[in-house]
Amino acid sequence: MNPSHSPSCDSDEAWMRRAIALSRQSLYITTPNPRVACLIVRDGRLLASGVTQKAGGSHAEVMALRQARENGVSTQGATFYVTLEPCSHHGRTPPCVDALIQAQPARVVVAMADPNPLVSGRGLAKLKAAGIAVGGPLCAAEALEVNPGFVARMTRGTPWVWLKTAASLDGRTALGNGASQWITGPQARADGHHWRARSCVVLTGAGTVLADDPQLNVREVETTRQPIKAVIDTSLQVPESARLFDGSPVWVFTAGGDPAKARRLADRNVQVVRMPLDNGRVHLPSVLQWLGQHDINEVHVEAGSVLSGALLQAGCVDELLVYLAPMLLGAGRPMAELPVLHDLEQALRFEFHDQASLGGDVRLLARKAPAWRSLLDAISAVAGA
């Protein structure tokens with residue numbers, strides 16, 4: 001699959017960027033499916049568009065074709081811009097590539113190939129076999145920004161994990177007495193709920209539940225789907241009266257054995273999952289493997305310094321989501337409990353890739369460069385196969 005070298009190449013890029021922007025409309029709803037958008041264009045004019053619906057619903061290509069029919073326009077000879085290779089297998093819905101072939105477009109341009117082993121270039125091959133010109137990959141890195149969790153799960157078997165923290169300029173998340181409400185302002189807190197809403201799982205530790213009794217749900221932004229709540233609780237000490245046990249799905253990862261408590265929690269839609277121990281604590285990489293096996297794409301971590309530090313040291317964090325307030329707190333609680341280093345080469349390194357002002361605060365996004373490169377390499381390998 002080679003990039004298009006036609007005279008329309010510049011407009012191809014503009015249309016694809018527009019499609020990628022549209023795909024963000026499905027950020028909160030598609031899990032475990034990827035967020036995808038499709039534009040149908042002819043002679044520089046948008047005929048129809050669509051985004052993938054919740055799991056079991058129509059995919060982006062089908063939604064765009066449906067809108068075209070409703071608008072009374074023909075798609076024959078048009079160009080389709082799709083942010084992910086059209087699926088070629090029967091899942092909850094029929095293959096989108098068959099619907100595209102029936103629509104008789106002149107060209108289909110994709111942002112990136114689908115790393116799902118059930119697709120992995122087969123959709124593009126089927127389009128070519130039907131005599132349809134295929135363009136792309138185009139704007140693959142931008143498209144990956146919308147679906148890092150899906151690509152991570154498909155290529156390495158574990159979700160994409162970001163660690164959210166709100167801190168002062170000197171890196172304190174709370175005073176020494178635990179007081180932390182509120183270090184950041186309302187705009188930063190609402191933005192944090194956006195990241196909760198796009199995740200599949202919100203993960204915390206037993207210490208945070210015992211100290212703060214959080215709800216862990218999305219309240220500051222509108223969403224039709226709440227992420228699953230999850231707790232790392234080695235000895236199953238979280239009280240049954242905790243507010244997060246509100247009847248919505250909760251996963252508790254533990255190494256403790258209290259079958260009676262587990263049965264009572266099960267009656268409240270709580271699944272207690274036994275995990276192996278690692279130095280007296282739940283083995284965190286095993287938790288991520290379990291989550292990947294259960295179709296989890298993105299994990300939003302909001303935890304105390306102990307679990308945050310443990311996740312970082314175990315190599316389980318791909319990205320940092322940091323909200324900084326313009327204040328200094330002095331002695332207090334750190335972002336993460338990490339060991340004392342004696343050489344800068346031992347530092348856990350991330351690369352900034354985005355920043356934004358939110359009221360009086362700043363949001364910084366930093367990711368592990370090798371983890372991101374591995375995702376880019378994976379989709380490039382599929383495209384070049």
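The model is predicted. Another is open and has nine strands. The structure also holds five aromatic pairs.

- β1 and β2 run antiparallel and share six bridges. Within this pairing, V41 has L46 in β2 as its bridge partner.
- Strand β1 (residues 37–42) also joins β3 through four bridges, and these two strands run antiparallel.
- β3 joins strand β4 (residues 107–110) through four bridges, and here the strands run parallel.

**A closer look at strand β3**

- In a regular strand, side chains alternate between the two faces of the sheet.
- Are the side chains of strand β3 (residues 79–82) buried or exposed? T79 and Y81 on one side are buried, and so are F80 and V82 on the other. Both faces of the strand are therefore covered, with buried meaning under 20% relative accessible area.
- Y81 has bridge partners in two strands. L39 is paired with Y81 in β3. Y81 is in turn paired with V109 in β4.

**The nine-stranded sheet**

- The order here is β11-β10-β9-β8-β14-β6-β15-β18-β17, again with mixed pairing.
- The edge strands are β11 (270–274) and β17 (351–358), each pairing on one side only.
- Neighbouring strands of this sheet are turned by 20 degrees against each other on average, direction ignored.
- A356 stands opposite R363 in β18.

**Aromatic pairs**

- Two values describe a pair of aromatic rings: the distance of the centres and the angle of the planes.
- The structure holds five such pairs. One of them joins W15 and Y81, which are stacked at 6.4 Å centre to centre with 25 degrees between the planes.
- Which parts of the chain does the W15 and Y81 pair link? W15 is in helix α1 (residues 9–23) and Y81 is in strand β3, 66 residues apart.
- Both W15 and Y81 are buried.
- Why is the pair of W162 and W195 called edge-to-face? The ring centres are 5.1 Å apart and the planes stand at 85 degrees, so the pair is edge-to-face. The cut-off for that label is an angle over 60 degrees.
- W162 lies in strand β6 (residues 160–168) and W195 in helix α7 (residues 186–198), so this pair ties together parts that are 33 residues apart in sequence.
- W162 is buried, at a relative accessible area of 1%. W195 is buried too, at 8%.
- W251, F253 and W290 form one aromatic cluster.

**Charges over rings**

- R189 lies over the face of W182, 4.3 Å from the ring centre.
- R367 lies over the face of W372, 3.6 Å from the ring centre.

Conventions
Residues are numbered from 1 along each chain as its sequence is written. This is a predicted model: local features need pLDDT of at least 70, side-chain atom pairs count only at pLDDT 80 or more; totals for chains, interfaces and linings use all residues. Side-chain values use heavy atoms; hydrogens and water are left out. Buried means under 20% relative accessible area, exposed over 50%, partly exposed in between (1.4 Å probe, protein chains only). Two strands pair if DSSP finds at least two bridges between them. Axes are lines fitted to C-alpha atoms, for helices over the stretch in contact, and angles run from 0 to 180 degrees between N-to-C directions. Rings of Phe, Tyr and Trp (its six-membered ring) pair if their centres lie within 6.5 Å; planes under 30 degrees apart count as stacked, over 60 as edge-to-face and the rest as tilted. A charge sits over a ring if NZ of Lys or CZ of Arg is within 6 Å of the ring centre and within 35 degrees of the ring normal.
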